[in-house]
Amino acid sequence: MPHRRLAALMTVSALATSCAPSSPESDGPALVPVPASLRVTEGSFTLASDARIGVRSAEGAPVAEELARMLRRSTGYALPVVREPAEITLEVSGGQELGREGYTLDVTPGGVRLAAGTAEGVFRGVQTLRQLLPAAIENPAPQPGPWTIGGVSIEDRPRFSYRGVMLDVARHFFTVEQVKRYIDLAASYKVNVLHLHLTDDQGWRIEIKSWPELAGDDSYSQEDYREIVRYAAERFVTVVPEIDTPGHTNAALAAYAELNCDGVAREPYEGTEVGFSSLCVDKEVTYRFLDDVVREVAALTPGPYLNLGGDEAHSTDPEDYEKFVARAQQIVDTHGKRLMGWAEITSGSVAQHWNPREPDRARAAVARGARLVMSPADHAYLDMKYTDSTEYGLDWAGLVEVSDSYEWDPATVVEGVGERDILGVEAPLWTETLATSGALEFMAYPRLPGIAEIGWSPAAARSWEGYRTRLAAHGPRWSARSVTFYRSPEIPWN
């Protein structure tokens, strides 16, 4: 986990000027992320009680069923799903003109047509469709309506393929249901990666059958973890598990004495200091342990990445660190995954830039051929306080108001690192001070949607003035979903 004691510190078509929802004076819909191209058209469509949802392919049927379930809750309508064109029609065309996640969405008085080359693209478009409907559509109980959508023509695709959130379940544990809610909220803003920080000094949160003493009562069984992965996959979210090594390992060192160089088990730890723990690099049992853990976690994880952290290994000799990472790379490769880690890691295909004081690490990762996930702490860390008086969070990277989390660009934040070097963006949420879903949501909203927009929308389509106006319209949506959010004075809340 990045240090808590530092000092504060695919281009696509842009929006047409006449209808850009990023303009504060625009009459366009308040969409987040802002689409690549949006044109307001004449007329509107009203969802009636006898409406149907049409889908012509088996691939798109689960997305149609999920849309129907969401709309039924708030409208009270039957909304049967049929295999023919209907008032709302979802089409999976098989074409790849807009990539795997791109879509087109047209709303006319005659109905809604959402088309994409894949079911994933249709799912992303559904998130736009739900934002076009009145905010009451997010309510879990029937509302009076009417359910009217203004006419629009949208063509959309993401800027970056990786748009993630990281949830630290090691410092404070969160249940499967709490993680599912976090996934649901993030996926509604087109987030497509959940990075789970599963282990740290304070806790080991996933069952490893070959090392059963690692996980305590507050942890995920392997069935629990499978359920999180399954639930995320239904929402086209890829889970990236993180087993932080060789530092941040006190929980493992407390569970198994043989992992310590002196053979003495460490005491359990509940504090917030970092950098004091290390696996014993010279003992062969360390690599048997790592191989077992990676083997079991890889088998549970269908996504391509396995994150081994690698950050803040201050208690590991630099030469030992290099030796460890080289062995770790071989182990991850053996089990069919691609190694990912924080910027300090000296191997792997993906490195995560987090420390604004250390841009050289990002440049070094690019020089050795790695792609970057951009998470600069002074912009993207959701656990940073908004103001001095914020109840939760820390401030080692500074105070991060909503504008601070939005007004940055991944391709310019590190000199010498450009668009082609970047895989995407991620918003980490560390939980030293966060123990409830309400606290998580308060720190994530309203900042997470802005980082999601940075990852999805073309840079030319974004502006702070336009965004703060669009974001204001999402307050009623969050209230309808019982989201605890920070009412930043920077946002003109409706």
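This is a predicted model: local features need pLDDT of at least 70, side-chain atom pairs count only at pLDDT 80 or more; totals for chains, interfaces and linings use all residues.
When residues up to four places away in sequence are not counted, Ile-88 touches Phe-45, Leu-47, Arg-52, Ile-53, Gly-54, Leu-67, Leu-71, Val-112 and Leu-129.

The largest pocket holds about 410 Å³ of space, and of the 18 residues that line it, Glu-66, Arg-73, Arg-130, Asp-184 and Arg-481 lie nearest its centre. Helices H1 (61-75), H2 (119-132) and H3 (176-187) each supply at least two residues of this lining, with the largest share, five residues, coming from H1. By class, the lining consists of eight nonpolar, eight charged and two polar residues.

In total, 23 aromatic pairs are found in the structure. One of these joins Phe-123 and Phe-236 in a tilted arrangement, 5.5 Å centre to centre with 50° between the planes; because Phe-123 lies in helix H2 and Phe-236 in the loop between helix H4 (222-234) and strand E10 (238-245), the pair ties together parts that are 113 residues apart in sequence. Phe-123 counts as buried at 6% relative accessibility, whereas Phe-236, at 24%, counts as partly exposed. The pair of Tyr-381 and Trp-430 is likewise tilted, since the ring centres are 6.3 Å apart and the planes lie at 50°. Tyr-381 and Trp-430 are both buried. A single aromatic cluster is formed by Tyr-189, Tyr-445, Trp-478, Phe-485 and Trp-493.

Notes: Residues are numbered from 1 along each chain as its sequence is written. Side-chain values use heavy atoms; hydrogens and water are left out. Contact means heavy atoms within 4.5 Å. On a 1 Å grid over the protein atoms alone, a cavity is a set of points where a 1.4 Å probe fits but cannot get out, and a pocket is an open set with protein on both sides within 12 Å along at least five of seven lines; lining residues have an atom within 4 Å of a point. Grid points are joined across faces, edges and corners, and a volume is the space filled by probe spheres set on the points. Helices (H or I, at least four residues) and strands (E, at least two) are DSSP runs, numbered from the N terminus. Ala, Val, Leu, Ile, Met, Phe, Trp, Tyr, Cys and Pro count as nonpolar, Asp, Glu, Lys and Arg as charged, and the others, Gly among them, as polar. Rings of Phe, Tyr and Trp (its six-membered ring) pair if their centres lie within 6.5 Å; planes under 30 degrees apart count as stacked, over 60 as edge-to-face and the rest as tilted. Buried means under 20% relative accessible area, exposed over 50%, partly exposed in between (1.4 Å probe, protein chains only).
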